[in-house]
Amino acid sequence: MKRLVVVGNGMAGMACLEQILAFAPRFEVTVFGEETHPNYNRVLLSSVLAGEKKAEDIVINGPEWYRGHGIDLRVGVRIVDVDPLARTITGDDGAVTPYDTLLLATGSTPWFPPIAGLGKGGVFAFRTLDDTRALMARSGPETRAVVIGGGLLGLEAARGLQVRGCDVTVVHVLDTLMERQLDKAAGVYVRAKMESLGIRVLLGRTTKAILGNGHAAGVEFADGSTVDADLVVVATGIRPSVELGRKARLTVNRGIVVNDLMETSDPNIFAVGECTEHNGICYGLVAPLFEQGKVLAGTIAGNPGPRYAGSVQAAKLKIMGVDVFSAGAWEEAPGVEPVRYEDPGLGVYKKLSLRDGKLAGVILVGDAGDSHRYMDWLRSGANLDRARRHLLCPPPSEDAGLDVAEMPESAIVCGCIGVTKGTIIHAIHHRGVNTLSQLKEVTRASTGCGSCTRLCEDLLRAVAPEFEEEVKTAICGCLPFAEDRLREMLRSERLKSVQEVLDIYGNGRGCEICKPALSYMLDMLWCGDHVEDRSARFINDRVHANIQKDGTFSVVPRIRGGVTSAAELRRIADVAEKYNVRMVKITGSQRIDLLGVKKEDLPKVWADLDMPSGQAYTKGVRMVKTCVGTDFCRFGVQDSTSVGIELERRFEQLYTPHKVKMAAVGCPRNCAEATVKDIGLVGQEGGWQVVVGGAAGKSVRKADLLTTVETSEAALEAAELFFQYYRENANFLERTYDFVDRVGIEKIRKETVYAPESVKHALRDRFARSKQRAVDPWLERREPRHPMQFIPLQPLEQVLA
Amino acid sequence: MNERRWVRVTRRDNVPVREGRAVMLARREIALFNLGDRFLATDNRCPHKGGPLCDGIVAGDSVVCPLHGWKVRLDSGMVEGPASSGACVATYPTRIEDGIVCVELPVSLFEAREREVA
């Protein structure tokens, strides 16, 4: 077998290798990687820095992929020499490896301008996973960070650092940001967006020196001014790594020169990716690497296919909420017609450059939703005369599905990997693809920057016969994260207020879906030590009563275990009369509901009742229904009444993802219906069964057995473990019956009642901390959150003049 | 008939940021919303089933009715969701004078009231 040696374990090299293996798996392959990590998606490092992804999320090929293909992977080895005559390479460990075919995929290295003191501590590049980890370790709230470089990478690094809590300044040598991708007008928009996120932008500053004694303390500019900094990131560009090309005596200009078949000047040596130069161009973005890789794979495997004719350069800024897209030749020049649209108020700027009726380049800021349309036009060179009226504002389509249906088969869906609509449809029909992860596996679509994920899903939905929606992705359009991911982010970023989360991760506005969800999450995560924002709560949780169809409210006092007294009933009756309560109703939960109370009367009603809130209006602990247990019932074997009251007392006043209804029964006759409650305690001879996930409302579900215990205290403790586990792991508005179904009772058991003592202790501890801060919300009658929480506004001016 | 009049309603800090409050002006219940940088005023009745818009969750420039989730734009009064409804609520210009929120109402509203009183 011929020996194929690949130098460079990055995206370009491995994407090309994947293709080679697909064509001709008849090489003995050795891969050298200088970094000690598996092959990962470098494009997403900024997402790792920002905490949106974990390092393991961006791995493209794990160790099992290398093993599965019989690839000898050597990481942590830098290749320092090539002998093209002996056909060997030498590593920095001295080992010499022979090759028949050598593939150089050495990528590029950061380029640093002449700045004094770059060697000081606290100065970082932002190129590798190790750089990213180092930055993550050194940055946090109150760190003052300066990012030198206002290009794509610099801005992404700046945002990542800011999300980590740093106070960030971006310094750029030119007077406009992202000058390689944007014209000056667009640069102004991007600057405004960055500044609105709270990032300082200094333009036209040449950095002269890093200040500080051994460790960065600031930066000094050519004009003598300075900025303090604990951390400096230098993102001033990259240069192709061509050293091995030179050692192999290949033709090297700026990059290693390759022809249309991706051949170098040595027939046994090939090169791909950022280290190459094709037609005078060195590419620094991901999509061209994949296109080159495909061509080269054909060449190396001995069946040359299409030739490489250069790539349309396209770049997208990966900062949540800052849509920036640029592609092609957008520069103004004779014969180029610019078409512009801008709305400074909205922060939207779009410019197309047309040449001979065809699209030559495009810049989108503030709204890059149509980028794939423009990429199609760029790639296909379509004549746009007929589309001229709709260049920047396409005729509204009926729905997203139509958009997908209208795309031609040859249209590129995934620009990074270069996957067409036709390829995806083929995969769906002939490779049994039904889910997004299958699609990723089979076609690699949406494994690059991920911005085509929506489009891929639309296609699957339209074409795949058994399309399965994967775990519900985002909460809502305001906040593009799944809830479990969001919980992690809020925890690690120590975010404590809803508005802060929306400003940093969302669209700054929020809606009726995400605001209450975030309110719940923050309360739960910080065990009540969060910044409570009542504007983000539903009206019921602002005034602690249940809004009715006429705008009045219903009042349900807490009657633990359904056990009340003559004195309480007398007070309830008095209140009902005094406030003209329109209906007094016994509820299905063994409680009493007073319906038709005006908002302004609520505090007085609560004071007169002198009972705590039954919280019948909220996503929280509702009640524990009980039977009469052992005190009176001739069948009762457990004291369900006392245990039920104790259960309610322990859990009451805590918020939960959705309402939690409970019951305790004294014998298996189950009179209080414990087996169709979120948590049920079923008494039996010698102990209790603790059951969870039951329902008898919109859904009907028999609860699953969590555990069987001997004592009442053990039953309460098991219930407590499940209760806290549900609070921490369920999605907002997910009832226990859906939660138990989704997670599976076995897993829940393992992670609650059968968990190691340390895990149980931690659950109990967080529960106790939340409980400690929880109070009866009806006490706000004495100390309202806001002076006008319950009081209606009185106009200052008599309207009858 | 199209004459309008400014009415001084309440101190601006009487309405918490991103919340609404109802106020009776000339027998009309008006919802006043504090969007932080400005105040907006609409009728306090959702065009769907008459829900109190002032008790809704503010979502950007819109409010979501607490009863059935209709979404109403506060600046134009147009119902955004469900989009097909085509309904809208009345909106009223507002301004802040010395920390007091003022709402501009058509004079016809007062006259109707005065006639009734007379």
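**Exercises on a predicted model**

H8 of chain A is mostly covered, with 14 of its 16 residues buried. The model is a predicted one.

**Exercise 1.** Compare the reach of helix H8 of chain A with its expected span, and state what follows the helix.

*Solution.* Step 1: H8 covers residues 286–301 of chain A, which is 16 residues. Step 2: from the first C-alpha to the last, H8 of chain A reaches 23 Å, close to the 22 Å expected at 1.5 Å a residue. Step 3: just after H8(A) comes A:Gly302, with a positive phi of about 90 degrees.

**Exercise 2.** Decide whether A:Val433 is buried or exposed, and list its contacts beyond four places in sequence.

*Solution.* Step 1: A:Val433 sits in the loop between helix H11 (421–430) and helix H12 (436–443) of chain A. Step 2: a residue is buried if 20 or more other C-beta atoms lie within 10 Å of its own. Step 3: A:Val433 has 25 other C-beta atoms within 10 Å, so A:Val433 is buried. Step 4: leaving aside neighbours within four places in sequence, the contacts of A:Val433 are A:Ala427, A:Ile428, A:Gln438, A:Leu439, A:Val442 and A:Ala464. Step 5: A:Pro465 is 32 residues from A:Val433 along the chain, and their C-alpha atoms are separated by 9.3 Å.

**Exercise 3.** Describe the contact of chain A with chain B by residue number and class.

*Solution.* Step 1: chain A gives 21 residues to the contact and chain B gives 31 residues. Step 2: the side of chain A that touches chain B divides into 11 nonpolar, 4 polar and 6 charged residues.

Conventions:
Residues are numbered from 1 along each chain as its sequence is written. Chains are lettered from A and ligands numbered from 1 in the order in which they are written. This is a predicted model: local features need pLDDT of at least 70, side-chain atom pairs count only at pLDDT 80 or more; totals for chains, interfaces and linings use all residues. Two residues are in contact if their C-beta atoms, placed from the backbone, lie within 7 Å. Ala, Val, Leu, Ile, Met, Phe, Trp, Tyr, Cys and Pro count as nonpolar, Asp, Glu, Lys and Arg as charged, and the others, Gly among them, as polar. Helices (H or I, at least four residues) and strands (E, at least two) are DSSP runs, numbered from the N terminus. The expected span of a helix is 1.5 Å times one less than its number of residues. A residue is buried if 20 or more other C-beta atoms lie within 10 Å of its own, exposed if 12 or fewer, and partly exposed in between; C-beta atoms are placed from the backbone.
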